[in-house]
Each structure stands twice: as structure tokens, then as C-alpha cells.
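Hi,

Here is the structure I promised to pass on. Have a look at it first, and then read on for what turned up.

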Amino acid sequence: MRFLDILTMALRNMFKRKLRTVLTVSGVAIGSVAITLMISLGVAVNLQHEQQIEMLGHRANRITIWGPWSPGIGDAVLDEAMLERISAMPNVVAATPQVWMQLTFVNGPYVADLQINGIVPEAMPYMGLNVAEGRVLTADDNLQIVFGSNVLTQFRNPRDRWIWDWDQVANIDPLAIPMRASFDFNFGQPSIGGGGQNQNSPAPYIIEGVGILDGVEWESQMNAFMPLSAVLEIQRDQQRFWQSLGGWWGRDVDADGFENLTVVASSAEHVTQIADDIRNLGFNDVWYDMQWINQQRESTQSLQTLLSAIGAVSLIVAAIGIANTMIMAIYERTKEIGVMKVIGASVKDVRRLFLVEAALIGAFGGLLGVGLSAVASYVLNTVGLPFLDMLVWGATGDVSVIPMWLYALGFGFSCGVGLFSGFLPARRATKISALEAIRTS
Amino acid sequence: MANEIVVELKDVKKIYPMGDERIVALDGISLKFVRGKIYCLLGVSGSGKSTLLNLIAGLEKPTHGEIIFKGKHHIQKMSEKKLAIFRQRYVGFVFQSYNLMPTLTALENTTLPLIFRRVPKKVRSKKAMQMLKAVGLANRWRHKPSEMSGGQQQRVSIARAFVNQPEIVFCDEPTGNLDTKTTVEMMNLICGIANQHNQTLILVTHNLELARYCDEVIHIRDGKIEKIEDVSADKVEIQFGGIL
């Protein structure tokens, strides 16, 4: 038989038993809708997670380690050797401590107290710190600085009362000439009582501005970045200075190690593994933003599996429905099958007739399922946001997302289920003895 | 070719195991069917005549013996696949209870053997329409079996049996469900077409009346050939318009 003839005959047989066909097709459609919708919920949740990761930006790749306040507390020490060891770990693209200190900058009449972040210069690009102007720090830099994007708003003229107005911006080019800077709080301030600066004030540093950050991240707005080595050197000067004045209660980097370490992974996927490796080195205080998303993902994944299983069950029920319908059809058509065999139908023809009919039921169910899924998805998205909120904290947007591939999957699955459930009945049909079939009336 | 043998049976036996007993349906039948002749297998029910027909048509396999089609094809050795092709090309069937497909129209029922032979739609519809004309149902080609009388349904089934121009046509009690007048019409039709195309007709019946249309009557009793009568001399004249 030609395929077109098989198709026509199968369609005709389906049409003959309209109600039964409609019922079986509905069964498949419901199964298909169930599985499509359940998966669509998962797709929506994954989309939410992706958006959250996107919102994190380069922070998704980041791990922060907090070292011990003083040695011997239990955690390993974040010293230079440890820094090198962690930098060399697989999938780690950069690692740097962030050493914070405040320096007062003077540029002409303007003064600014800038928060300085001492980091390994090579780590800058990996931390999402990009310049809008000038350049980032390089390994050769020492008393060089890259300003945050808001650097100008931080400069003020201490003699000018009205400069506090936020709109006022200092009229200077921070990259034009090197600035003087000091850790002395009184540096650059008008002397009280005309005494000038402290008698034993340290000599200011001459620091050259080489770049201004783009300010995309909050980190690159208010902070200024200097090479780690330079900041450590200045801190040592500061320590000596305070000790000369009589007291120091700050952290001694050389003895205690770094306070923190920021590690950047090559991609967000590797973050968990790297964090585990770092914990194994003896650090307990290891944090990364991905862990929240991962936790959420794990909890939603088990729910998704459950939902998909419910969908699968309904499709299995539909498959049984098709098989049942087809077996009924065989009982009903036993005589016809026999006659067809006697007048020249081959075993292949008979098998294909039943397979095609079963597959058609699946295909119609799948088509109907695609339509119903679209409707159900729309309804869910209109009224179902609280449900998504249950799965993803702070969720916005669609509860159910059906991409094209999911429609195709739903349809394909239905056809497959039809074909699959047709196998047994079709085999049975071919086994019918032509003779006995004709004798039955 | 005169006296060309279409089917030859050599010592054919068919034994059905029935629990501990063995029922011998056919016991050493040897027969020759010649092209263009009309045969009548006559016997009471249970004599084995239907079994014989089934064996020749390849619907059942003999327990013993050979069934040779056209001198070289051994029907008892054919695979299911080959048997299907054999039936498509060389065999036509007319049943007692017509056995038309209820979902198909008269025309479609007639084309069915051609559909199995993968004949293109145009060609097969044309052939089937000619057949329907020959059996006098051209104006009813669109009707479903449920919309036709028994006689009309049997005409469709005759059209279906002859549409693929088979070499042999088997008729299993073709008039068992019909009244006398229609019986005569049907016999004229079947035998007329068969004569016109020089086809071999094998008629299974217990109705002696039908023997009058035949060339040879093969009496079967208890699975054996009782006698073979040449009745061609007493044959009635077949009334067939013959548009084919």
C-alpha cells in the first residue's frame, strides 16, 4: 500500500468512531498539556535564575574569603604563599586581597578623603573594573591610582562653604598632574589657629592618577584602586607613624596575613568547586553570591522533578488509553483485517494501518495539546505570580515559559506516545489468522 | 495455450490435531486445474471442500503434499510476504457473506486489491469503474455497503474479485445468502467474466444447481475425491452481456 492510502484509510477508520477518537485524542492532549506546562514552570524558574545571575554580573564568578582576625583561631592564614597557591588553582583567573585604607588627597585648593583599595593590579579586569578614561593598573605601577567614577564629587574646597551642594563638581582633571596624598587626617585642612599641619606630619606621597573607572558597579564609583604593594607600604609607614605617636591597634598584615581574599573563577559554574577546594585549605569563612542561587536552584529542582513526574504519569495514562482504543479497534475489525489479508494485504500493510492510526491519534492529541498549553500558560501567567513567588524568592515576570522547543517537544512526545502504544496492537493485528477472522461474524 | 495447468495438487493431506485426536480433513488429494475452466467442489459441510480451497489460496499450509501454481511456484513453501503478492496478482475471492469494508464506498471496495498492489489512484479508479459497469453498478459507485442490497453487495464483491485480472477466482458459497433469481444473475456474472478472460474459477458449494454452470464437478467426501464428473456437455448457456 502507498503511504497516502494508508493515511486515508486510517483517517477514515478514526472518523467512523468519532466519539471514541475524540476521547482518546483528548486523553493525549491532556497528557501533553500536563507535561508541557510542568516543564514550562521549570523553564520559567531557570529563566529567573539566569536573570539573577545576570544581575550579579561578574560578581557571579567571585568568591570572598575572610581570614582569621589573628593567627591560631583555627582558620589558615591568608599570607602571600596562600595567595599564590589559590591563584594557581584550576579555573581561578585572578585572586587578590582587598586592603582598605583612607588617604587624603590634595589637588590645588581641593581636598578629598578617598577610600583606597589596594589590590593585585592584574586582577582588575577580572573584577569588572574597567576604565572610562586612562588605563587600569599594571604590574609595574606603584604610586599610581585609578579613581572611581565619582572622584570629582568627592573633592571639595574646605574654604568654600557652599561647595557641599551635591551638584557642585570640582573643576579639576585628576589625571592631569600627580597629587599629594597623606594618611594624616589633618592633611590639607586649613590650620586651626594658624599652626599649620602637625609638627611631625609624615611627608605626603606623590600619587599619579592613571585612569577613571566607568562606574558600572558600585565598587567602581566611590573607590579608588592602587597596587597592593604600594598600599601595604603606605600602611607600614602609617603603622610606624602611629607607633611614634604612641599607639597602634590596627592589623599587622605582615604578621596576621590578609584580612580577606577575593577569588575570581573563569565562570560561574566553577565557583562551587573552587569554594569547596578553598574550604579544604582550612578556611571556613568562604562566601559567594552563587551559593544563594544554587541553593534556590536545588530546592526548585526537586519540585520540578516532582512536577515533571506528574506530567509523565498523565502521558502514560494517555498511552494506555491509545493502546486500549487500538485493541478495541482490532476486535471490532478482526473480520476486515482477515478479508484484507485474503485479498492481498501484506503483513506490513496491516501493521502500518494500525501504527499510523495510533500515531495519528498521538499527533492530533499533540496538536490539541500545543494549543491548550498556550492557553493554559497564558492563564497561569495572568493569575499565577504568587505561585512562582513560592519557588523563586522575589520573582517577577512569567510563571510559565514555553519556548518553541518545548512546543515541539510536547508535540513530538505525543506522536511518539501514539506510535509506541500502537506497536503492541499493530503486532496483534498482524497475527490474526485470515481464515479465522473471516469465519467470525 | 490449451489445457495449461494453473494449479496442481499432489497427494495433499491436511490433518488438524484436536486434543489427542487427529482429524483428517484432506486425505491424499491429487488434482489438476486447467486454465479457463470452471470447477465445482461439491460436498456436504465437513467434507473438506473449504479446506481444499484454503490450501490452494495459500491461507493454510498442507500437512503433506505439494500445491504447484503454474508448474513452478510451490504455494505451500511461500512466505507470508510472497503469499500476499501471490494473492494480489493471481487470486480473486468471492465470499458467501460479501465481506466488503463498511467504511469504504462501492468504488473504493472494488479498488482495494489494486490499493494493496500500489497502483496509482487514477489508474485503479478507472479500472474499478469499468468493473462496476460490468457488474451493472456504475451508478452506485458512491454508495457504502450498508446502503446496498445483498445482491448489490455481492456484485461489488465480484467486481473486487476480478479487478486485478486474477488467474484463479475462488468462490466460497457465493450465492448462499441470495434468492434463486439473484443466484442465477450472480452465476451468469461470475462465469461470464471468467469465460471472457479465460480465467479459472473454483466454486465451493453444496448446491447441486450451481454445478450446472461448471465444466467439471469434483465430489468430495470425508477428505477424499469421490469422483470427478465432466459435465461440460450439460452446461447451461451463460447469459452475459459482457461490456468488458
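**What I found**

Let's start in chain A, where strand β3 (residues 99-107) and strand β4 (residues 110-119) of chain A pair in the antiparallel sense, with nine bridges between them. One of the pairs to look for is Leu103(A), whose bridge partner in β4(A) is Leu114(A). The hairpin of β3(A) and β4(A) has two residues between the strands, and Gly108(A) takes a positive phi near 60° there. Before going further, please keep in mind that this is a predicted model.

β3(A) has another partner too: three bridges join β3(A) to strand β7 (residues 179-182) of chain A, and these two run antiparallel. There, Phe105(A) stands opposite Ala181(A) of β7(A).

Now for a sheet elsewhere in chain A. It is an open one with four strands, in the order β2-β10-β1-β11 (chain A), and the pairing is antiparallel. β2 (92-96) and β11 (286-287) of chain A are the edge strands, each pairing on one side only. Inside this sheet, strand β1 (residues 62-66) of chain A is joined by five bridges to strand β10 (residues 260-265) of chain A, and the two run antiparallel. If you want a residue pair to click on, take Ile63(A), which has Val263(A) as its bridge partner in β10(A). Helix α8 (residues 271-280) of chain A packs on the sheet and touches β1, β2, β10 and β11 of chain A. The direction of α8(A) makes about 20° with that of β1(A).

How is chain A divided into domains? Domain 1 takes in 3-55 + 294-439, domain 2 is 68-97 + 258-284, and domain 3 covers 99-255. Between the C-alpha centres of domain 1 and domain 2 of chain A there are 51 Å.

On to chain B, which has six helices and 10 strands. Its radius of gyration is 18 Å, close to the 18 Å that the globule rule gives for 244 residues, so chain B is as compact as a globular protein of that length. Along the principal axes, the C-alpha atoms of chain B fill a box of roughly 50 × 40 × 40 Å. Of the 244 residues in chain B, 46% count as buried. As for contacts in chain B with a separation of 6 or more, 69% of them are between residues 24 or more positions apart.

Chain B has an open sheet as well, made of six strands in the order β6-β7-β8-β3-β9-β10 (chain B), with mixed pairing. At its edges are β6 (91-94) and β10 (224-230) of chain B, each of which pairs on one side only. From one strand to the next, the twist averages 20°. Strand β7 (residues 168-172) of chain B pairs with strand β8 (residues 200-205) of chain B in the parallel sense over five bridges, and Asp172(B) has Val204(B) as its bridge partner in β8(B). Helix α5 (residues 150-162) of chain B lies across β6 and β7 of chain B and runs at about 170° to β6(B).

Last, where do the two chains meet? 21 residues of chain B are in contact with 20 residues of chain A. On the chain B side, the elements giving two or more residues are α2 (80-90) and α3 (106-116) of chain B. The largest share, five residues, comes from α2(B). By class, this side of chain B has nine nonpolar, five polar and seven charged residues.

Cheers

Definitions and conventions. Residues numbered from 1 in each chain as written. Chains lettered and ligands numbered in written order. Predicted model: local features only at pLDDT ≥ 70, side-chain atom pairs only at ≥ 80, totals over all residues. Pairing = 2+ DSSP bridges. Contact = placed C-beta atoms within 7 Å. Axes fitted to C-alpha atoms, helices over the stretch in contact; angles between N-to-C directions. Nonpolar A, V, L, I, M, F, W, Y, C, P; charged D, E, K, R; others polar. Domains from an automatic or database assignment. Rg over C-alpha atoms; globule rule 2.2 N^0.38 Å. Buried ≥ 20, exposed ≤ 12 C-beta atoms within 10 Å, placed from the backbone.
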